[in-house]
Every structure is written in C-alpha cells, then in structure tokens.
Amino acid sequence: MGIPISIPGLSEYISEIPNGNTILVEGDIDPIKTLFIQQLAVEASQRGQTVHYITSRAKEEDLEQIVFYHSDIVFPIIEERSHRHWKNYIEKDGILILDTFSYLILDKPLSEVRSYLEEIDSLCKQRNAIVFLSVDTGMLESKIHITVRHLADGILCFMSRDTNKGIARFIRIPKWMNRHSFAENIYYSFDGKKINVDLRSRVT
C-alpha cells in the first residue's frame, strides 16, 4: 500500500508514492516542502500506516505546525540526531521521514553519508517501506547533495522565482520511479493551508 497523492493536479503527474522507495523532497528555506511531507504523513497515518517522523527541530514546533494545518496528529514526532538509530524506525510497510535530512547530516563526511544512505535504502526495499528525505537547497556540499540525489528513487523539487507579479512557485520532478522524469514545471500556489496546482499555467 503506497501513499496516494491527494493534491488535485499533482496527482495527474504522480498518482501515488509506491512502497519500497526513498523520496528526496528539496527546496529553498521555505515551509512548503515540510508541509507537503506532513500532509502525506497525516493522511497515511489516518489510513492505518505506521509513520515515524524524525525532526531536526524541537518536536513541539512540528507538533504545533501539524495541528495548525491538519488539526489532528496520530504519529510520533521524534528527536533523534544519531543516524545509527534511524534504521530502527524503518518498519515493514511503514513510513520514515527525516526532516530536515540536510541539517541532520550537516557535519558528516561523504563516505559516512553514503554508507548509511545505502543502508537506509536497502532496508526500505527489504521492508517495503517509504523513506522521505527533506533537503534545504544549498545546505549540503555539492558531492553529498549529488550522492543523495543519486541514491534517491524519486526527487520532488519545490522551487520559486520572482516575477513582476510576485513569487511564482512550481514543482519539478527530475527523477521518478522506473527511470521516469517530467519535463514540465508544475505551477502551484499556497493559500496558507493548501497547495493548489494550476494545470493551465506553466512557468517558463
């Protein structure tokens, strides 16, 4: 049982996130990528899937944010900085979220990051789980960022740029399961509660 994508418009590109995959969600210092992951986590948990959410912040911050946006929380928020213990939260058919992964590995060398990423990905596939890694753009050294991208099964990039009408927000999917990718920029807006994809618009 994967995670269905419930955001209208985005679901026309990717209908679900299948089990057995590591997904990288990256973007600027912006809450939107975390809100996206939290929305998926809440919906998966409400369907009975086991979710473990490891945070780089104080767990009270994430609890407050999730309750504000989703009004209900039914999975644990965990403060666990040691990567040696992350694998213990990968359960069969479960979901593990590392938010933000880039901050949690900020002082780690490339060889170490590669080693435990390979272990996490292997366990993810063995246990038919889903692992989300969130990354703040520009936080990681280039080789480490490329390595994380290489090992991820799918990549969702939340991007933005200034226009004469304000900030244009869009999603890019440069890598997806089965060697798929999507050339389009998926334009969206955020109304303070929900992500709204506009299929009529494209950012060029």
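Mentor: Gladly! Keep in mind that this is a predicted model. Let's begin with helix α4 (residues 110-126) and helix α5 (residues 142-151), whose axes come within 10 Å and cross at roughly 15 degrees.

Trainee: How are α4 and α5 oriented to each other, roughly parallel or roughly antiparallel?

Mentor: Look at the angle between the axes, which is roughly 15 degrees. Angles under 35 degrees count as roughly parallel. The two helices, α4 and α5, are therefore roughly parallel.

Trainee: Which residues of α5 make the contact with α4?

Mentor: Take the α4 side to begin with: L110, V113, R114, L117, E118 and D121 take part there. By class, the contact has six nonpolar, one polar and four charged residues. On the α5 side, the contact is made by K143, I144, T147, V148 and L151.

Trainee: And what is the handedness of the crossing, left or right?

Mentor: We are still with the pair that crosses at roughly 15 degrees. As α4 passes α5, the crossing is right-handed.

Trainee: Now the largest pocket: which element gives the most to its lining?

Mentor: This pocket holds about 220 Å³ of space. It is lined by 13 residues, and D30, P31, T34, R57 and T100 are the closest to its centre. With three residues, the one that gives the most is α2.

Trainee: How many residues of that lining are charged?

Mentor: Sort the lining by class: three residues are nonpolar and four are polar. The number of charged residues is six.

Technical notes. Residues are numbered from 1 along each chain as its sequence is written. This is a predicted model: local features need pLDDT of at least 70, side-chain atom pairs count only at pLDDT 80 or more; totals for chains, interfaces and linings use all residues. Side-chain values use heavy atoms; hydrogens and water are left out. On a 1 Å grid over the protein atoms alone, a cavity is a set of points where a 1.4 Å probe fits but cannot get out, and a pocket is an open set with protein on both sides within 12 Å along at least five of seven lines; lining residues have an atom within 4 Å of a point. Grid points are joined across faces, edges and corners, and a volume is the space filled by probe spheres set on the points. Helices (H or I, at least four residues) and strands (E, at least two) are DSSP runs, numbered from the N terminus. Ala, Val, Leu, Ile, Met, Phe, Trp, Tyr, Cys and Pro count as nonpolar, Asp, Glu, Lys and Arg as charged, and the others, Gly among them, as polar. Axes are lines fitted to C-alpha atoms, for helices over the stretch in contact, and angles run from 0 to 180 degrees between N-to-C directions. Angles under 35 degrees count as roughly parallel, over 145 as roughly antiparallel, 65 to 115 as roughly perpendicular and the rest as oblique. A crossing is left-handed if the near helix is turned anticlockwise from the far one by less than a right angle, and right-handed if clockwise. Contact means heavy atoms within 4.5 Å.
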